[in-house]
Amino acid sequence: MLPNRLLNSYVYTLIISSLSFGLIFGLYMFAYSGFMAFALVTIGIIGVYALITYLVFAVPLQVWLRRRPRKFSLNNFLIYIAVAFLAVFLFWTVDYPPNALTVFRSLNYYIMSIVAGLIYWFWDSIFLRN
């Protein structure tokens, strides 16, 4: 059983990372759409997708990486980014099965993967307790 303090840090990292990812890409979509107010809904939608993705991919990785906790570790950052590339690719494949390999030609794929890994790594390092 996980200590309550450790469980709280996992939950805080998950929630704040999802909100951060949703806010960053929701505001990007808001600006990309010509500042249409309706586009702000994407903040919540992207946040929910990020929550699910982080829960499936990042939390198990976070538990594994916390066996030897280090704040702002470059190795952990690179591992989070590698897993983010995999997660974004899998979700892209589910959304667009016939065009799965075209994801590698999309700049958005690289931006989303790096930003997703960066956000989770940052908040994990903030809430990491030795």
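Colleague: What makes V48, I52, L55, V56, L86, L90 and F91 a nonpolar patch on the surface?

Modeller: Together these residues have about 590 Å² of accessible area, a value from the Shrake-Rupley method with a 1.4 Å probe, where for residues only the protein chains shown count as cover. A patch takes residues with over 30% relative accessible area and no salt bridge, joining nonpolar side chains (Val, Leu, Ile, Met, Phe, Trp, Tyr) within 5 Å and like charges within 9 Å, and V48, I52, L55, V56, L86, L90 and F91 form such a nonpolar patch. This is a predicted model, in which local features need pLDDT of at least 70 and side-chain atom pairs count only at pLDDT 80 or more, while totals for chains, interfaces and linings use all residues. Residues are numbered from 1 along each chain as its sequence is written, and side-chain values use heavy atoms, with hydrogens and water left out.

Colleague: Why is F91 called partly exposed?

Modeller: Buried means under 20% relative accessible area and exposed over 50%, with partly exposed in between (1.4 Å probe, protein chains only); F91 has a relative accessible area of 32%, so partly exposed is the term for F91. F91 is found in helix 3, and helix 2 (41-65) and helix 3 (74-95) each supply at least two residues of the nonpolar patch, the largest share, 4 residues, coming from helix 2.

Colleague: What makes R66 and D124 a salt bridge?

Modeller: The term requires a side-chain nitrogen of Lys or Arg within 4 Å of a carboxyl oxygen of Asp or Glu, and the closest N and O atoms of R66 and D124 are 2.8 Å apart, so the pair meets that limit. R66 lies in the loop between helix 2 and helix 3 and D124 in helix 4, so the pair ties together parts that are 58 residues apart in sequence. Both R66 and D124 are buried, and a search of the whole structure finds 1 salt bridge.

Colleague: Which residues lie nearest the centre of the largest pocket?

Modeller: They are F21, I46, Y49, V88 and M112, from a lining of 30 residues. The elements giving two or more residues to that lining are helix 1 (4-32), helix 2, helix 3 and helix 4 (107-127), and helix 2 gives the most, with 10 residues.

Colleague: Where does UniProt place the feature "transmembrane region"?

Modeller: The unreviewed UniProt entry places that feature at residues 12-31, 37-65, 77-94 and 106-123, although such annotations may be inferred rather than shown by experiment. In the model, residues 77-94 are 100% helix and 0% strand, with end C-alpha atoms 26 Å apart.

Conventions: 1 Å grid on protein atoms, 1.4 Å probe; cavity = no way out; pocket = protein on both sides within 12 Å on 5 of 7 lines; lining within 4 Å.
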